[in-house]
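Thanks for coming. I have one chain to go through today, so let me put it on the screen.

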Amino acid sequence: MDEGKVAVSSCKSALLYNERACSYDQELEAKGYQGPSTAARALAAIFTDDRKNKVILDIGGGTGLVGEELKKEGFAVIDILDSADEMLAIARQRCIYRNVIKAEVKGHNSTPLEGDSFDAVLGVGVIFFIGNVGFTCSDIREMIRVTKPGGIIIMTLRTETLYSNLYRDKLLPLFDKLQSDGVWEQLERSQFKYMHGVEGQLFVYRKM
Ligand SMILES: C[S@@+](CC[C@H](N)C(=O)[O-])C[C@H]1O[C@@H](n2cnc3c(N)ncnc32)[C@H](O)[C@@H]1O
């Protein structure tokens, strides 16, 4: 598989989200966005005890909607990483994060984060493609790199994104290859109501 084929500029993603930051939470609430609560509940179902000591990374965490849901579930050590300053400025105001990290995921080894360092890594609504902006398959390898062996990786995306021209032949084959290569094992794949009138996909993996 040519992982470079979905090569896009996430700098443009930062521009796009900086412009939307002030209205993002209101906009998503009005649309009935369920990604953050769905992902947080899925993680809570796996970590049934000692949640307050689990070290969590929210990749592409934006304004912190996922962090808020994680907090409600009892998680207390949460780092957020995003490439958009204005989104992170809103996240920072929530005062729920151990670290607020401004960084752009640009493939394997692209962030300053240490490998094998998080009990769970979430990417909620981060796999998307708008215009020529998107999250690449090799960005998923970065999520895996920073997860501890035995740790959890959770991703949500719109079903229409999964089957779009850009991702259809790439994401699911990559997910399957990572499983057959013994990199991770799938714990769950399910559909959920992403927002009003939009179906979403939840993927939960354990890093081997
Ligand atoms: C649709 S928003 C989702 C935000 C949050 N996870 C939520 O569910 O509300 C996508 C976020 O991913 C960030 N993002 C996209 N590509 C990124 C990349 N390559 N590196 C870091 N952040 C990225 C954007 O800046 C934006 O804040």
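Start with the sheet. Seven strands form an open sheet, and reading across it the order is E3-E2-E1-E4-E7-E9-E8, with mixed pairing. Strands are said to pair here if DSSP finds at least two bridges between them. The labels are DSSP runs numbered from the N terminus, with helices (H or I) of at least four residues and strands (E) of at least two. At the edges sit strand E3 (99-102) and strand E8 (184-195), each of which pairs on one side only. Direction ignored, neighbouring strands of this sheet are turned by 15 degrees against each other on average. Those angles are between axes fitted as lines to C-alpha atoms (for helices, over the stretch in contact), taken between N-to-C directions on a scale from 0 to 180 degrees.

Two housekeeping points. This is a predicted model, where local features need pLDDT of at least 70 and side-chain atom pairs count only at pLDDT 80 or more, while totals for chains, interfaces and linings use all residues. Residues are numbered from 1 along each chain as its sequence is written.

Now the whole chain. The secondary structure comes to seven helices and nine strands. The radius of gyration is 16 Å, close to the 17 Å that the globule rule gives for 208 residues, so the chain is as compact as a globular protein of that length. That radius is taken over C-alpha atoms, and the rule is 2.2 Å times the number of residues to the power 0.38. The C-alpha trace spans about 40 × 40 × 35 Å along its principal axes. Of the 208 residues, 40% are buried. Buried means 20 or more other C-beta atoms within 10 Å of the residue's own, exposed means 12 or fewer, and partly exposed is in between, with C-beta atoms placed from the backbone. Among contacts with a separation of 6 or more, 70% join residues 24 or more positions apart. A contact is two C-beta atoms, placed from the backbone, within 7 Å.

Back to the sheet, at the E3 end. Strand E2 (residues 77-82) pairs with E3 in the parallel sense over four bridges. Across that pair, Asp-79 stands opposite Asn-99, Ile-80 opposite Val-100, and Asp-82 opposite Lys-102. The chain gets from E2 to E3 through helix H4 (residues 85-93), a right-handed β-α-β crossover. Right-handed means that, with the strands pointing away from the viewer, the path from the first strand over the helix to the second runs clockwise. Is E2 enclosed or open? Five of its six residues are buried, so E2 is largely enclosed by the rest of the structure.

Next, the core. What touches the most other members of the largest nonpolar core? Of its 48 residues, the answer is Ala-39, Ile-59, Ala-120, Val-121, Leu-122, Ile-153 and Ile-154. A nonpolar core here is a set of buried Ala, Val, Leu, Ile, Met, Phe, Trp, Tyr and Cys residues joined through C-beta atoms within 7 Å. Take Val-121: beyond its neighbours within four places in sequence, its contacts are Leu-57, Ile-59, Met-143, Val-146, Thr-147 and Ile-153. Met-143 and Val-146 are among the buried residues of helix H5 (residues 137-146), along with Cys-137, Asp-139, Ile-140 and Glu-142. The buried residues of H5 pack against strand E1 (55-59), strand E4 (118-124), strand E7 (147-158) and helix H7 (171-180).

Val-183 is in the loop between H7 and E8, and counts as partly exposed, with 14 C-beta neighbours inside 10 Å. Leaving out residues up to four places away in sequence, Val-183 touches Ile-144, Leu-178 and Met-208.

The other two are aspartates. Most residues other than glycine have a negative phi. Asp-50, in the loop between helix H2 (35-46) and E1, has a positive phi of about 55 degrees. Asp-50 counts as exposed, with 9 C-beta neighbours inside 10 Å. Asp-116, in the loop between E3 and E4, has a positive phi of about 50 degrees. Asp-116 is partly exposed, with 13 other C-beta atoms within 10 Å.
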